[in-house]
2 protein chains.
Amino acid sequence: MPVLVVGSVALDSVETPFGKASDVLGGSAMYFSASASLLAPVQVVGVVGSDYPVEQLEPLRERDVDFAGLEHAEGASFRWRGRYRHDLNTAETLETHLGVFSQFRPKIPDAFRSAPFVFLGNIDPRLQLDVLRQVDRPKLVACDTMNFWIESRRPDILELLGHVDLITLNDAEARQLSEHNNLLKAARWILSRGPKHVIIKKGEHGAFMFTERTVFFAPAYPLEDVFDPTGAGDSFAGGFMGYLARTGDLSEPNLRRAVVYGSAMGSFAVERFSIERLLVLDHPQLRARVAEFRRLVAFEEELDA
Amino acid sequence: MPVLVVGSVALDSVETPFGKASDVLGGSAMYFSASASLLAPVQVVGVVGSDYPVEQLEPLRERDVDFAGLEHAEGASFRWRGRYRHDLNTAETLETHLGVFSQFRPKIPDAFRSAPFVFLGNIDPRLQLDVLRQVDRPKLVACDTMNFWIESRRPDILELLGHVDLITLNDAEARQLSEHNNLLKAARWILSRGPKHVIIKKGEHGAFMFTERTVFFAPAYPLEDVFDPTGAGDSFAGGFMGYLARTGDLSEPNLRRAVVYGSAMGSFAVERFSIERLLVLDHPQLRARVAEFRRLVAFEEELDA
């Protein structure tokens, strides 16, 4: 089953302790697509400027990513320039040029309106709500957000929460949104606003999935070399949604597996710049890493008498 | 089988957003004992001053904690006063009075010298080495340490690493000791210095156990109310060593279980001040929490064809 993603399509310039990359494919929709497309067909809605290197999308097209919803606007593409210092935990934004993205109004092509899985990448919650008005009752709608919108568009985010099945956000954002410092309380607060599932991402410390009655935790895969952390969260979302779209199964055990597939995708994404690693990833490698996640946390109970 | 612990015995005064406690039982050896004694007999080596409320040790004595190695010195007991702010992650030390602890030279009673499990709590590594000269080839020796010793006693810690089977330390300490920012690299560096197992504790983000060929991760139990984080690490160590001493089994699967028992103990310790929660903990509660740890991370692999 296809998964529809609406989000940013950018050109990133990134500096890490290990190297530099200039004007490489980036943005939430791009990382999501590169990740999800290993598991399911992907439909992209976004906008690029007249300077965007469209020929670089070819490898994704070959993987069943449909760019019919990628608007080509007059002007400059969204560009982000950032740097990671030695600890690799926080990106330092050096420049942001929104370009054509500042006027982005998502238009869902007719052929995409019945997508059973919808991921609303991190954009203005008013636009996220607008997308939901353009689609036919999907099987599952998930959204992402960020501190900027929580601060500036709180009422819209609260409205959005009433219309999504799942939200992914990081721990700082969950605390900011809920005004609870404790993550369990933060998750309960968010669940009470509508979503049936809340995924709280803690970067190198793993991810929680909360439902009303259950808590699931997947660690981050301990990598010896993190090359470029950009896009880990969107690659996580792509793996998660891609796995759900592939299986069409929304049971708790399957959602847990989806979180692990998401974590695995995030761990691959950071091994190289941009979507490079995801583009050469294959199923045996993915399965092997999922198996490693299992070994990482595996233990048998049993206390002696 | 008994487990021997050498460490600090203190009187703590703690302030958290939820309340205050004055001159309550604290110190690494005390948290360790309260935790381990639910699983195995414990032998304590430490020092207290003439002002120490010895009668408060009675509940531990009843749980098979042997204080024959607790020296009673003339002078004031070790006192620590600290505060936790709203995020509860880092203790702010307001006062430290070492008292009789500043002259502490561990003397292992004859009856303790054959203890099969030995835990060297966080004290001067020269004293930790001195303890090892006083015991007969234990089945397993583990040690803890801290930033202060890594900075001021580096050669002694490196020597110590050649004489212990396992070390527990937190992520910042592992980075400081190894001079590697990446935890996997830090763990490999430490393993190359002697210990067969390295446990890296990440507080609310869980704990890793590394061996030459394996990595195990146990999350921290997501608690809705963390009351007082003091002693979580030593309670972890007590649960870990207590479980090993109880089972006498040093296989990888059993070490993994021991990490989970340690994590469970740490999660109980923070529910109240001092060792209060540990003293009223029983086996069914402990088993139930270990089962919850399992549910927290449980997932089944299987990628469809």
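Which are the buried residues of α3(A)?

Analyst: This is a predicted model, in which local features need pLDDT of at least 70 and side-chain atom pairs count only at pLDDT 80 or more, while totals for chains, interfaces and linings use all residues. Residues are numbered from 1 along each chain as its sequence is written, chains are lettered from A and ligands numbered from 1 in the order in which they are written, and side-chain values use heavy atoms, with hydrogens and water left out.

The buried residues of α3(A) are A:Pro125, A:Leu127, A:Gln128, A:Leu129, A:Val131, A:Leu132 and A:Gln134, where buried means under 20% relative accessible area, exposed over 50%, and partly exposed in between (1.4 Å probe, protein chains only). Helix α3, which spans residues 125-134 of chain A, is thus mostly covered, with 7 of its 10 residues buried; helices (H or I, at least four residues) and strands (E, at least two) are DSSP runs, numbered from the N terminus. These buried residues pack against β1 (3-6), β8 (117-120), β9 (140-144), α4 (147-152) and α5 (154-161) of chain A, contact meaning heavy atoms within 4.5 Å.

In chain B, helix α3 (residues 125-134) holds both B:Asp130 and B:Arg133, 3 residues apart, about one turn of the helix. Their side chains meet in a salt bridge (3.3 Å, N to O), a term that stands for a side-chain nitrogen of Lys or Arg within 4 Å of a carboxyl oxygen of Asp or Glu. B:Asp130 is partly exposed at 25% relative accessibility, whereas B:Arg133 is exposed, with a relative accessible area of 59%.

The structure holds 38 salt bridges over all chains, and one of them joins A:Glu71 to A:Lys107, with the closest N and O atoms 3.6 Å apart. This pair links distant parts of the chain, since A:Glu71 lies in strand β5 (residues 65-72) and A:Lys107 in the loop between β7 (91-97) and β8 of chain A, 36 residues apart. A:Glu71 is partly exposed at 30% relative accessible area, and A:Lys107 is exposed at 53%. A:Asp12, in strand β2 (residues 10-16) of chain A, is by contrast buried yet without a salt bridge, the nearest side chain of opposite charge, A:Arg79, being 9.0 Å away; here Lys and Arg count as positive and Asp and Glu as negative, while His and the chain ends are not counted.
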